[in-house]
Amino acid sequence: MIQCNLLQSNLTPGRNSRVWIFDLDDTLHNASAHIFPVMNRAMTQYIMDKLELDESAAHGLRQHYWRIYGATLKGLMRHHGTDPQHFLHETHTLKDLPDMVLQVKRLRHMLQSLSGRKLVFTNAPRNYALRVLDLMGIGDCFELIFSVESTKFHAKPSLRGFQMLLKTIKVKASDCVMLEDNLPALMTAKRLGMRTIWVTKKPQKPNFVDYRLNDVLALTHLKL
């Protein structure tokens, strides 16, 4: 668990506090620019090697499982018996990660000024998440990093993963605000009773999304 000393003073003993749940990739930072292309190639190569498929078939299978399950790994585990730890190690090592993470100016200040508990809920492995947060200089702003290992590989948008998170932090869903770029994950959050914020540049939002922000820094302008 990562503690953020700055946020503890915002908590009032004996009272429920708002819980801010942040997705990591493409929510707290732009992973699509440099990280996802490399990661996706690594996943496709992994599928090619393990399932003896050509590149086109492996690419299609990776995308298919992502669309169906919200995570390529879940499909590989369910249908091919893939070892999740080996898959995550092979596809998320990213030796050049320090050069791939795009910094977000004023993000640390925004997080420190946000009243309430803050945590990260990501489908990424814990080691990768910690590396990204440390590179961005915001790792100490979160009391918990709830990674795909924390969900026992029931990745978002799985209801089970969300339920495990709520049990871990011992709060009601109605106390939580979820910030996420992925709509299926937000749909699950809304089903449970969380407030939902979609981080996207797309102009329109579905009815299960309470707010839409162009980027996470715009959170400071919301009055929740």
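Biologist: How many bridges join strand β5 (residues 195-199) to β6, and what makes the two count as paired?
Modeller: β5 and β6 are joined in the parallel sense over 3 bridges. Two strands pair if DSSP finds at least two bridges between them, so β5 and β6, with 3, count as paired. Trp-198 stands opposite Arg-212 in β6. This is a predicted model, in which local features need pLDDT of at least 70 and side-chain atom pairs count only at pLDDT 80 or more, while totals for chains, interfaces and linings use all residues. Residues are numbered from 1 along each chain as its sequence is written, and side-chain values use heavy atoms, with hydrogens and water left out.

Biologist: Why are β3 and β6 called edge strands?
Modeller: The open sheet has 6 strands with parallel pairing, in the order β3-β2-β1-β4-β5-β6. β3 (144-146) and β6 (211-213) each pair on one side only. Strands here are DSSP runs of E of at least two residues, and helices are runs of H or I of at least four, both numbered from the N terminus.

Biologist: Which strands does β1 pair with, and how do you know?
Modeller: β1 is joined to β2 (residues 117-121) by 4 bridges, and to β4 by 4 bridges. The pairing rule asks for at least two bridges, so both pairs pass. Val-19 has Arg-117 as its bridge partner in β2 and Cys-176 in β4.

Biologist: Are the residues of β1 buried or exposed, and which way do they point?
Modeller: Val-19 and Ile-21 point one way, Trp-20 and Phe-22 the other, and all are buried. Buried means under 20% relative accessible area, exposed means over 50%, and partly exposed lies in between, with a 1.4 Å probe and protein chains only.

Biologist: Why is Asp-99 called exposed?
Modeller: Asp-99 has a relative accessible area of 68%. Asp-99 sits in helix α6 (residues 97-100).

Biologist: What makes a nonpolar core, and which residues touch the most other members of the largest one?
Modeller: A nonpolar core is a set of buried Ala, Val, Leu, Ile, Met, Phe, Trp, Tyr and Cys residues joined through side-chain atoms within 4.5 Å. The largest has 50 residues, and Phe-22 and Phe-142 touch the most other members. Leaving out residues up to four places away in sequence, Phe-22 touches, among others, Leu-28, Leu-111, Phe-142 and Val-216. Contact means heavy atoms within 4.5 Å.

Biologist: Why is the link between Asp-23 and Lys-156 called a salt bridge?
Modeller: The closest N and O atoms of Asp-23 and Lys-156 are 2.9 Å apart. A salt bridge is a side-chain nitrogen of Lys or Arg within 4 Å of a carboxyl oxygen of Asp or Glu, so the pair qualifies. Side chains of opposite charge can pair when their charged atoms come close.

Biologist: What does the salt bridge between Glu-143 and Arg-117 tie together?
Modeller: The two side chains meet at 2.8 Å, N to O. Glu-143 lies in the loop between α8 (126-136) and β3, and Arg-117 in strand β2, so the pair ties together parts that are 26 residues apart in sequence.
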